[in-house]
Amino acid sequence: MKRYIFSTMLCSHILILVIQAGAQPAPQIVNIAARETQSLDGLWKTIVDPFENGYYDYRRMPTANGYFQDHDFRADKTVLEEYNFNTDRTLRVPGDWNTQRESLYYYEGTVWYRRLFDFTPRDGERVFLHFGAVNYEAIVGLNGEIIGSHVGGFTPFNFEITDYLREGENSLVVKVDNKRLAEGVPTLNSDWWNYGGITRSVNVVRVPDTFIRDYSVQLAKGSTDRITGWIRTDGANPPSGATVEIPGLGVRQAVELDESGYGAFEISAAPSLWSPEDPRLYEVKITAGRDSVEDRIGFRTIETSGTDILLNDRKIFCRGISIHEEAAYGSSGRAFSREQDLVLLNWAKEMGCNFVRLAHYPHNEDMVRLADEMGLMVWSEIPVYWTIQWTNPETYLNAEAQLTDMVTRDRNRASVVIWSMANETPRSPERLAFLSRLIDKTRAMDDTRLISAAMEKESAGPDLLTVHDELLDLVDLISFNQYVGWYDGSSEKVDRVNWVFDRDKPVFITELGAGALYGNHGDASERFTEEYMEDMYTRTVDMLERVPGLAGVTPWILKDFRSPRRQMCDIQDDFNRKGLISENGGRKKAFYVMQKWYEELRRRYEQ
Ligand code: GCB
C-alpha cells in the first residue's frame, strides 16, 4: 500500500482519501490469548484535543472546498510529533478516560494517545496490532504514518503492521474520539455512560507468514455426535492440509485446505455436553503448516420446540440477569479485566442464575470465556439501540460490521446461545428491512444459535399485554422488555396484568425492574426505596408465573450503572438505580426475591 506521512497537514486531503479509500482493519484474528503477543497495556501519554487541533477530519468540518476550515491550525508540526507528547499526562490502557481523570468525567471528543515500544523483527513472521476495543472511532498511526481507522466501540480489530515497524523504538499514536453521532451505532441517545478511550487491551501479535486466522469447531446443528467446523488460514501459499486434535475425545483429524487456505471438516465424536451444571470444555489444537493454536471449547446444542428452549434436547428455564460491562467497586467505569468480570459473574451465580444477558453491546472476550468456564449461558448483542438511522446505508454497514466481529470473536464459545440484533427499536418498515438483513447475515454466519431482539410490549385489551411485531416471524424467541410496575403504572398494576401471544415460540422477558437507592428505606409505595423495589419484584414473580410459554427472564439489571440521563440528586447522581446490587456491592432486598424464585425454578427444572 502506498503510504503518506500522517503528520504532514499539507497533504491532508490525500490523507483523508487514504482513510476513505479504506485503510480498514485486516480481517479479525481470533483467539489472541493463544498467540505470541507483546502487550502494550500500561500508561500511555495523552493529549486532550476537544477542538481537533491535531487533525481535522473534513467529513465533520466541511467547507466549500473541502479543506480545513481554519488555516491557523495548519501548523507543520501536529500533536503527532514527539515534542507535543512531551507531557506527563497519562491514561491507563485499557481503561476509560472518564473515571481516570476528573476533568474527563463528562468528556466526549478526541484524546490522542501515544505509546513507545521496542520491537525486534524476525524472519518469516507477520505482525499485527490488535485492539480489544476502542470507543468510538480510532485512527491509528505508527511511526508517523496512518495504518488505518476503525469505528464501533465494543469489538476487536487488528491491522497488519509488518511493513510499518522499525527495529528498535516504535511510536504508536491513536486518535480516539467518542463523540456521539446521529448516524452511529449506538446513536446519540442511550441509557449508559459513553465511556471513551482505549477500553480494552492492545497487543502486538506475531504470527508465521501463513497462519490460522479463524476457525469454527462445534456440534453440527441438531446433532450430539458430529463435530463440524472449518479453518481459515491467512497468507501466501497455504499448506494443503491442517489437523484438528481434541485429545479428550481421542480425535486427530486431517483437514484438507483449498488454494485459498480454507477447509471444512466433520468428525464423529460424542463429547460430554456443556451445560450450566457441567460446563465441560475440551482442549482443541489446530495445526496448519508452521502455525498452531490452542483453544478450550465446549459442545452443546441449543434449539427451540414450540414454547420451549431446549439445551442438549432438554427443556430449560433461563434464570438470567442483564449486565452492563461496568466494574463494581472503586470508581466503577468500564470493566476490562478478568477479575472485574469475575465479580459480576459471581454475583449472577450467587443470585442463582444460569444465564446472563450481556447488554447492550459485545462485552470483552474474558467475560464470555468466563461464562464458558462458569456455566452461564449468554445472550450477546450489538448496540442497535432505540432509534438508529434505519435508512442510512453507512449505519447499516456499521451495525453489520459490529455483528460480524462479535460472531467472529465468539462463535466458538458454548456459553453464547443467543445472538441479539437490537434493543427496543420502534416498529417501522425501514427498521424491519434493516433488522431482517442483520438476521440473514447472522444466520449465514452461524446457523446453530438462536436469534432474537429485545422487542416492546403492546396492549391487547384492558390489563392484557402482548407483543405485536413483524420481527416475530424472523426471530426464534418472543423476547421483549416490560416495566409494568415502574414506567407502566405502579406495583398494584402488576397483579392485574395478563399476557397473551399469538406465536408458538418461547417467551423471554429481557427486561423488567424498578429503581431503588441501596439503603434507602421507606414504605412499599414510595419509589426509589428498597421496599418499593422488593414489593414490585415480589408481585412480578407472581405475574411471571402467569406468562404463557415463559422460558427465560433477565431482569434489569445486576448492578447500578452510570448513565448521564439519571440526574435525580441524592438518589441517582448519574446512576441508573435499577441494579439488584449497588455499585459497591450492597445487595438490595429485591436481590433476595430473585434468588429465592430462581432456587425454586432450579428445583422445578432440576438444573
Ligand atoms: C430500557 C432499556 C435500558 C434502560 C432501561 C431503563 O428499556 O433497554 O437500556 O437502561 O430501560 O432503566 O430505563
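Author: Among the 14 residues around the ligand, those that come nearest are Asp-191, Tyr-385, Glu-424, Tyr-487 and Lys-578, where a residue is near a molecule if one of its heavy atoms lies within 4 Å of it. This is a predicted model, in which local features need pLDDT of at least 70 and side-chain atom pairs count only at pLDDT 80 or more, while totals for chains, interfaces and linings use all residues. Residues are numbered from 1 along each chain as its sequence is written, and side-chain values use heavy atoms, with hydrogens and water left out.

By class, this shell has five nonpolar, four polar and five charged residues, with Ala, Val, Leu, Ile, Met, Phe, Trp, Tyr, Cys and Pro taken as nonpolar, Asp, Glu, Lys and Arg as charged, and the others, Gly among them, as polar. Turning to polar contacts (pairs of N or O atoms within 3.5 Å), a polar side-chain atom of Tyr-487 lies 2.5 Å from an oxygen atom of the ligand. For Asn-576, a polar side-chain atom is 2.8 Å from a ligand oxygen atom, and for Arg-566 the corresponding distance to an oxygen atom of the ligand is 3.1 Å. The ligand taken alone exposes 320 Å², and the protein buries 96% of that, the areas coming from the Shrake-Rupley method with a 1.4 Å probe.

Note on methods
A polar contact is a pair of N or O atoms within 3.5 Å; within protein, one must be able to donate a hydrogen and the other to accept it, and residues adjacent in sequence count only if both atoms are side-chain atoms.
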